[in-house]
Amino acid sequence: MSLLNRLFIVFSGFKAQLLGIVTLGILSLALAASVTTAWVTSTKASQLMVAQGLQIADTLAAQSLLALLYASPQNAQDPLNTILSFPNIIHAAIYQTDFKLLASLGDTKQGIPSFDKVRTGSTATVIRETNQAWHIAVPVITGRQNSPLDDRKEFLSTTLEEELIGYAYIVLDKATLKALQYNIFLNNILIALTFALILIALTNLGIKRLTKPLYQLIKVMNQNQIEGAHIRAELQGPKEINKLANEFNSMMSKLEDRDKKLRRYGKKLEAEVQIQTRELTETRDAALSANRHKSEFLANISHELRTPLQGIIGYSDLVKEELDFMGADEQVAQIGHILSSSHRLLTLINDILHLSKIESGRMDINLETIDLNAIITEAVETVAPMMIYNNNQLTVESHNEKTTLSIDREKLLQVILNLLSNAAKFTKSGQIVLSSWLTETQLSIEVKDTGIGLKADQLEIVFEKFRQVDGSSTRSYEGTGLGLAISKGFCELMGGKISVNSSPDEGSTFGIVIPLPIIQDGSLDQTFTSGAEKRRFIATY
């Protein structure tokens, strides 16, 4: 094999060609290097210029010693003229120790300098830097050995102690530095751009040659995707691209075989899905029908049970009155048990009737204008015996912007009663707080107690019908588990919601939020406005 053929094999690979392009790409670092070099050069020039300014300031301080000693502006003119003859010095001044100007020359728009950064005994210091200039100051001190006082030098250095007598101040213009920096950056960038353009041209040629087979393969892939066909790729290019094309062709063959199998399985699966869908539809319809019939049955049977039960209650009341009149106290107590059990049964039947109506969609909203305080008072008076029985203290708090609203009175009263009864039942010798917030757009009611509280798993089932937090046969608290479920249904029927926040042994907080106004079809205006606290009244039982 000839040397030329060997070189062709080595450099025909995709990796080798890519390496060549990357090598050319390294040349692009020339731009970064040129910018870096320009920045370093300009920084160095700036440092040199500042050093020159510091030295000039020290010179002015040495030459202004006599002028400050004699407080003579005339003696200060020669040092100032000498300093202004230096390049880039646009202002020079000599100040006394009380910062009073002794003499100045040059640009008078520089303002009064601040010598806070200048310390006694220090050399020249840059006290301020702006975009246009450096402001340099140096303290002028007598008694220094390097004070150039001509033939009096030796006398002063031996007779005077070091003492601050003033300040020398110069302004060093940056115009020359900016022009120099501009030229440095411009020249370096122009050179870098020239190399970059050459590099881009070379890289473009290399990329086109390298990626041409790859784009041909992509074109074949797109054609397969659009047409849904299994077209094979026939390419001539780097060996890696050829290997990739062979793998693609192999994949197309496997996909073609797989599609044939999928079509067969698809037809079979489609038939099975149709059968399963039909069966699920029939099962769903049957379940919906059964649930509807169940709700209708519960509603009907609850209605039928209420009629004889109300008769039992009525006749029991009559018998109780007769026995009470006859003085048969023992029989009166027994009849009282009958009445108590009958009322409990009637309450259960009413709860089942409400629940069945909610589930069947036959529960209506009866809007009327009511007084919120009257509803709360009625609820508080109703649950007062329960509060007394468990030795609880009930507090009522009102934070209402107004007291009247349009709402279903019976449903709102039932929800409040359910929440208060629930709090009274699970709280013993504790505190219960009923709070209300009524605005133009929202009614919020909260019942907070210090009872037994709920665990995390109990919070998940607290609003489920016929479920209690303690469902065992040995539970300590009676009830059917319908009160909170009905309250939830009534709130949702009026477009609101009910929530609970509780921790074991720390009590529970139940809250309802009902947006206002309520429309007859149940739709609501969801705008919320928080209410300000208007008044607070406490009822204790």
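Biologist: Which residues form the nonpolar patch on the surface, and how much accessible area do they have together?

Modeller: The nonpolar patch on the surface consists of L31, V35, Y182, L186, I189, L190 and L193, with about 580 Å² of accessible area together. The areas come from the Shrake-Rupley method with a 1.4 Å probe, and for residues only the protein chains shown count as cover. This is a predicted model, in which local features need pLDDT of at least 70 and side-chain atom pairs count only at pLDDT 80 or more, while totals for chains, interfaces and linings use all residues. Residues are numbered from 1 along each chain as its sequence is written, and side-chain values use heavy atoms, with hydrogens and water left out.

Biologist: What makes L31 partly exposed?

Modeller: The relative accessible area of L31 is 31%. Buried means under 20%, exposed over 50%, and partly exposed in between (1.4 Å probe, protein chains only), so L31 is partly exposed. Patches take residues with over 30% relative accessible area and no salt bridge, joining like charges within 9 Å and nonpolar side chains (Val, Leu, Ile, Met, Phe, Trp, Tyr) within 5 Å.

Biologist: Which helices each supply at least two residues of the nonpolar patch?

Modeller: They are α3 (29-63) and α7 (175-227); helices (H or I, at least four residues) and strands (E, at least two) are DSSP runs, numbered from the N terminus. L31 has its place in helix α3, whereas α7 gives the most to the patch, with five residues.

Biologist: Which residues gather in the patch of negative charge on the surface?

Modeller: D317, E321, E322, D324 and D329 gather there. Asp and Glu count as negative and Lys and Arg as positive, with His and the chain ends not counted; the place of a charge is NZ of Lys, CZ of Arg, CG of Asp or CD of Glu. Helix α8 (residues 239-326) gives the most to this patch, with four residues, and D317 lies in that helix. At a relative accessible area of 33%, D317 is partly exposed.

Biologist: Why is the pair of Y95 and Y169 called edge-to-face?

Modeller: The count of aromatic pairs comes to three. The ring centres of Y95 and Y169 are 6.3 Å apart, with the planes at 70°. Rings of Phe, Tyr and Trp (its six-membered ring) pair if their centres lie within 6.5 Å, and planes under 30 degrees apart count as stacked, over 60 as edge-to-face and the rest as tilted, so this pair is edge-to-face. Y95 in strand β1 (residues 89-96) and Y169 in strand β5 (residues 163-173) are 74 residues apart, and the pair links distant parts of the chain. Both Y95 and Y169 are buried.

Biologist: What makes the pair of F99 and Y167 stacked?

Modeller: The rings of F99 and Y167 have their planes at 20° and their centres 5.6 Å apart, so the pair is stacked. F99 lies in the loop between β1 and β2 (101-106) and Y167 in strand β5, 68 residues apart. F99 is partly exposed at 45% relative accessible area, whereas Y167, at 7%, counts as buried.

Biologist: How do you know that R409 and E378 meet in a salt bridge?

Modeller: The N to O distance between their side chains is 2.4 Å. A salt bridge is a side-chain nitrogen of Lys or Arg within 4 Å of a carboxyl oxygen of Asp or Glu, so R409 and E378 qualify. R409 lies in helix α11 (residues 409-425) and E378 in helix α10 (residues 372-389), so the pair ties together parts that are 31 residues apart in sequence. The count of salt bridges comes to six.

Biologist: How do you know that E492 forms a salt bridge with K488, and where do both lie?

Modeller: The closest N and O atoms of E492 and K488 are 2.7 Å apart. Both residues lie in helix α13 (residues 483-493), four residues apart, about one turn of the helix. E492, at 46%, is partly exposed, and K488 counts as partly exposed at 28%.

Biologist: Which residues do salt bridges that share partners join into one network?

Modeller: E378, R409 and E410 are joined in this way. E410 forms a salt bridge with R409, with the closest N and O atoms 3.0 Å apart.
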